[in-house]
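The sequence and structure are shown first.

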Amino acid sequence: MFQVENLSKRYGEIHAVDGISFQVRAGEVYGLLGPNGAGKTTTLSMLSGVLKPDNGRILFDDIDLHAEPVKVKQQLGVVPQETALYEDLSARENLKFWGGLYGLRGSELDQAINKTLDRVGLTARAKDAVKKYSGGMKRRLNLALGLIHEPRLVLLDEPTVGIDPQARVNILDVVRDVAKSGTTVLYTTHYLEEAESLCDRIAIMDHGRILAEGSLDELKKQAGEEETVTIEGNFEAELVRAKIEAVSSVRLLSAEQGRAVISTGGSGEGAVKLLESLFGADLPMHGISIRPPSLNSLFLNLTGRELRD
Ligand SMILES: Nc1ncnc2c1ncn2[C@@H]1O[C@H](COP(=O)(O)OP(=O)(O)OP(=O)(O)O)[C@@H](O)[C@H]1O
Ligand SMILES: [Mg+2]
């Protein structure tokens, strides 16, 4: 469906995107998972043709975006991170405007608006001004604007940020429905659970690079056999660091004020030694959990940071 080859973008000294390559197959939901500043939006801006890459190529069905931008863009739906809505207009009017930009007219446009409103569950509120909408409803309308022309591929930039859990479930359901109808989806997020539950394949991105890529199962395999132990309490990072470094065969993955994550090193013996030393260490802990290898532990291994809200 589309292919990215050695794509790069710099802002001064910052390598926002640093030579990434990946392929997305037709009908797939592909996730770009990474923390703030990983380069997700910059990547999407290049894919949507808004931003010119310094290097590399983007091919849609073997057509170069740079060579034939209009042809490619007609097949794209873009849902930006910042909502781009006219607050004084209704959902219907917003959709009419965007549908018109995509070349839809007359009854074709009306049908597309009705179908899209229905898809995102806004039919009942379609005539209300957007400024009266909740955050979740605005997000749904933002999503609708990228779907009005039934694109073959939608690019979604963190469509669930800043909304409540119920609204989030709602958006994810719409995305699943879109994918089911055959549309290819590129989905960026910094929520592990979203990538896990939604995406067929996931690329873990940080500092402009793709650090790992694959299906959830493949990524979990890459995470290895190592269980992780997470401790929480009233302690300084330095204190935990010193205690853990004294225990052989385990590895401190991350330590911050009040929270640390430690790899057991994949052996039951490591886990036992770790727990013994933690309980004997006089650390003021109020929580401890042991977790099997996961996307989170892989992410920690690769970046030394946790992906949390
Ligand atoms: N217009 C710009 N000018 C200068 N630097 C920029 C610009 N846009 C992005 N950057 C930098 O490029 C890097 C990648 O930013 P980008 O917005 O692509 O990250 P992101 O993964 O989308 O992050 P977030 O999760 O916060 O949206 C960051 O270091 C950012 O500060
Ligand atoms: Mg972003």
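Which residue in β7 does Leu76 stand opposite? Leu76 stands opposite Leu153.

## Basis of the model

The model is predicted, and local features need pLDDT of at least 70, side-chain atom pairs count only at pLDDT 80 or more, and totals for chains, interfaces and linings use all residues. Residues are numbered from 1 along each chain as its sequence is written, while chains are lettered from A and ligands numbered from 1 in the order in which they are written.

## The sheet

An open sheet of mixed pairing is formed by 6 strands in the order β6-β7-β8-β3-β9-β10. Strands are DSSP runs (E, at least two residues), as are helices (H or I, at least four), numbered from the N terminus; two strands pair if DSSP finds at least two bridges between them. β6 (76–79) and β10 (209–214) stand at the edges with a single partner strand each, so one side of each is left without a neighbour in the sheet. β6 and β7 (residues 153–157) run parallel and are joined by 4 bridges.

## Surroundings of ligand 1

Ligand 1 is surrounded by 13 residues, the closest being Tyr11, Ala16, Lys40, Thr41 and Thr42; a residue is near a molecule if its C-beta atom, placed from the backbone, lies within 6 Å of it. β2 (14–24) and α1 (40–47) each supply at least two residues of this shell, and α1 provides the largest share, 3 residues.
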